[in-house]
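Trainee: I've just opened this one and would like to go through it with you. Where do we begin?

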Amino acid sequence: MELKSETVEVEDTQKVILLEEEQPQHEEEEEEKQQQELQESFHVLAVDDSVIDRKLLEKLLKISSYQVTCVDSGDKALEFLGLIDKLDTPTDSTSSSSPPQSLQQEGSKVNLIMTDFCMPGMSGYDLLKRVKGSSWKDVPVVVMSSENVPSRISMCLEEGAEEFLLKPLQLSDLEKLQPHLLKSLNMNNQTCTEMEKELTKDNNESTDKNNYNDSNNYVNNNNSFSKRKALSAEPPERRPKMKELAVV
């Protein structure tokens with residue numbers, strides 16, 4: 001009997017150990033799943049005039065489960081953000097999305113902008129300044145370049161760039177972007193919350209104003225009714241007093 005009891009205790013101990021080992025593994029799987037779902041909600045706007053670099057960046061971002069839209073110039077990036085009117089130039093055939101349209105009109109969100117520094121026409125530095133001087137100023141901007149020029153790096157960081165990455169990019173470089181994406185997502189959520197509060201406040205003020213007007217109308221109607229009633233009331237009929245009869 002004692003042997004059986006010890007055997008049962010050993011089996012129970014093994015089960016407890018197995019459960020303890022499975023729990024952290026289950027938690028890690030849940031965290032990975034949540035992280036992947038979060039990354040799938042991130043939208044990255046990639047800007048590069050080089051077809052090869054643009055394709056590589058698009059592939060790396062998609063491997064990391066990010067949504068990505070690629071354009072080949074700073075002007076098209078500004079058009080996509082709704083900062084300039086629609087261009088008449090043909091759409092880039094390598095873009096991973098439909099022709100750029102105003103994001104503000106579509107209600108879409110961009111959580112991160114990645115741009116090459118050296119591009120014909122509008123450079124990545126010029127694009128950075130345009131973005132930081134617009135309504136998209138809170139969106140993180142990452143500048144990329146194949147040339148490691150300290151003055152260029154300092155210039156972009158001082159203008160508001162979050163990172164300056166050297167080409168060719170690798171998956172390890174994208175890991176540096178997660179804090180910036182989370183920051184952007186939190187700011188978007190905060191903005192939405194503030195808009196909801198403002199909308200609720202406006203609705204409450206409108207409701208209170210309507211209730212106040214209804215109350216005033218009710219009081220005014222009652223006063224008018226009372227006045228009409230007072231004016232239309234007939235005076236009481238006066239009866240002549242009977243003279244007292246003299247007693248003979």
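Trainee: In what sense do E1 and E2 pair, and over how many bridges?
Mentor: E1 and E2 run parallel, with five bridges between them. Two strands count as paired if DSSP finds at least two bridges between them. Helices (H or I, at least four residues) and strands (E, at least two) are DSSP runs, numbered from the N terminus. Keep in mind that this is a predicted model, where local features need pLDDT of at least 70 and side-chain atom pairs count only at pLDDT 80 or more, while totals for chains, interfaces and linings use all residues. Residues are numbered from 1 along each chain as its sequence is written, and side-chain values use heavy atoms, leaving out hydrogens and water.

Trainee: Which residue in E2 is the bridge partner of Ala-46?
Mentor: Cys-70 is the partner of Ala-46, and Leu-45 stands opposite Thr-69 in E2. Leu-45 also has a bridge partner in E3, namely Ile-113. E1 and E3 are parallel and joined by four bridges.

Trainee: What do E1, H2 and E2 make together?
Mentor: A β-α-β unit of the right-handed kind, with H2 spanning residues 51-63. Right-handed here means that, with the strands pointing away from the viewer, the path from the first strand over the helix to the second runs clockwise.

Trainee: How many residues of E1 are buried?
Mentor: Five of its five. Buried means under 20% relative accessible area, exposed over 50%, and partly exposed in between (1.4 Å probe, protein chains only). Both faces of E1 are covered, with His-43, Leu-45 and Val-47 on one side and Val-44 and Ala-46 on the other. E2 (residues 67-71) has four of its five residues buried, so the rest of the structure largely encloses it.

Trainee: Switching to the core, how many residues are in the largest nonpolar one?
Mentor: It has 24 residues, and Leu-45, Val-110, Ile-113 and Cys-156 have the most contacts inside it. Such a core is a set of buried Ala, Val, Leu, Ile, Met, Phe, Trp, Tyr and Cys residues joined through side-chain atoms within 4.5 Å. E1, H3 (74-80), H5 (124-132), E4 (141-145) and H6 (150-159) each give at least two residues to this core. H5 supplies the largest share, four residues. A second, separate core has 18 residues, including Val-44, Tyr-66, Leu-112 and Met-144.

Trainee: Back to Ile-113, what does it touch?
Mentor: Leaving out residues up to four places away in sequence, Ile-113 touches Leu-45, Leu-81, Val-131, Val-139, Pro-140, Val-141 and Val-142. A contact means heavy atoms within 4.5 Å.

Trainee: Which residues of H5 are buried?
Mentor: Gly-124, Tyr-125, Leu-127, Leu-128 and Val-131. Down the axis of H5, these fall within an arc of 160°, so they line one face of the helix; the arc is that of the directions from the helix axis to the C-beta atoms. Their cover includes E1, H3, E3 (112-116), E4 and H6.

Trainee: Now backbone geometry. Which residues does a cis peptide bond join?
Mentor: Lys-167 and Pro-168, with omega about -5°. Pro-168 sits in the loop between E5 (163-166) and H7. Another one to check is Ser-65, a residue other than glycine with a positive phi near 70°, in the loop between H2 and E2.

Trainee: Why flag those?
Mentor: Because most residues other than glycine have a negative phi, and most peptide bonds are trans.

Trainee: And where is Leu-177?
Mentor: Leu-177 is in the loop between H7 (171-175) and H8 (178-232). Leu-177 counts as buried because its relative accessibility is 0%. Beyond residues up to four places away in sequence, Leu-177 touches Leu-112, Met-114, Val-142 and Leu-165.

Trainee: Last one: how many helices and strands does the chain have?
Mentor: Eight helices and five strands, in the order α-β-α-β-α-α-β-α-β-α-β-α-α. Of the 248 residues, 29% are buried.
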